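Hello,

Here is the structure I promised to pass on to you. Have a look at it first, and then read my notes below.

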Amino acid sequence: MAGNERSDASAEPELDGSGVRLAIVCGRFNDRITLRLLEGARRGAAAAGVPDGSLVEEWVPGAFEIPFAARAIARSGRVDAVVCLGAVIRGETSHYDFVAGECARGIQDVQLEVGVPVVFGVLTTEDVAQAEARSAGPGGHNVGEECARTAVEMVALVSRWQP
């Protein structure tokens, strides 16, 4: 195999975030969970080699506002990728269905429109226990940590395919 091709598609790639400018957009709603996701994203970025000075964080009211903020940041040209963090936990009304779906669609639309990786790290869970399980501290499963690593990986992919 030549170049960056690998025989084991499931292997974790070596990440080099040393030159990556990364933004994190985090929803304040359910901040008991989103703060844990943010801590994970910071750990993931650091583990991938993203320098502290190349990481910016922006807070928005909730998950519904995340795509708008991500679009503004991605269009600025000042970052290479945006990580979107939030927590939408099912309640007794249909509010969950509208917020979760529109947030996901909005994030996808932003990355396709702008051409900058925008990573979906918005938990959509049935209850708080599921959200806590997906936002664990060091050594546990933390979607924020995974998303920071994904952002660095996608920046490398985009870089490989630039004309």
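Leaving aside neighbours within four places in sequence, T34 is in contact (heavy atoms within 4.5 Å) with C26, G27, R28, F29, W59, G86 and A87. T34 sits in helix α1, residues 31-47; helices (H or I, at least four residues) and strands (E, at least two) are DSSP runs, numbered from the N terminus. With a relative accessible area of 0%, T34 is buried, a word that stands for under 20%, with exposed over 50% and partly exposed in between (1.4 Å probe, protein chains only). The T34 side chain also reaches the backbone oxygen of G27 at 2.9 Å.

A word on how to read all this: the model is predicted, so local features need pLDDT of at least 70 and side-chain atom pairs count only at pLDDT 80 or more, while totals for chains, interfaces and linings use all residues. Residues are numbered from 1 along each chain as its sequence is written, and side-chain values use heavy atoms, with hydrogens and water left out.

Next, the sheet. Its 4 strands form an open sheet in the order β2-β1-β3-β4, with parallel pairing; two strands pair if DSSP finds at least two bridges between them. Because β2 (55-60) and β4 (118-125) each have a single partner strand, they stand at the edges, and one side of each is left without a neighbour in the sheet. On average, neighbouring strands are turned by 15° against each other, direction ignored. Such angles use axes that are lines fitted to C-alpha atoms, for helices over the stretch in contact, and run from 0 to 180 degrees between N-to-C directions.

Strand β3 (residues 81-89) pairs with β4 in the parallel sense over 8 bridges, and L85 has G121 in β4 as its bridge partner. Packed on the sheet is helix α5 (residues 143-160), which touches β1 (22-27), β3 and β4 and makes about 160° with the direction of β4.

A polar atom of its side chain lies 3.1 Å from the backbone oxygen of D127. Not counting residues up to four places away in sequence, T125 touches V88, I89, R90, Y96, Q130, A131 and R134.

Best wishes

Methods
A polar contact is a pair of N or O atoms within 3.5 Å; within protein, one must be able to donate a hydrogen and the other to accept it, and residues adjacent in sequence count only if both atoms are side-chain atoms.
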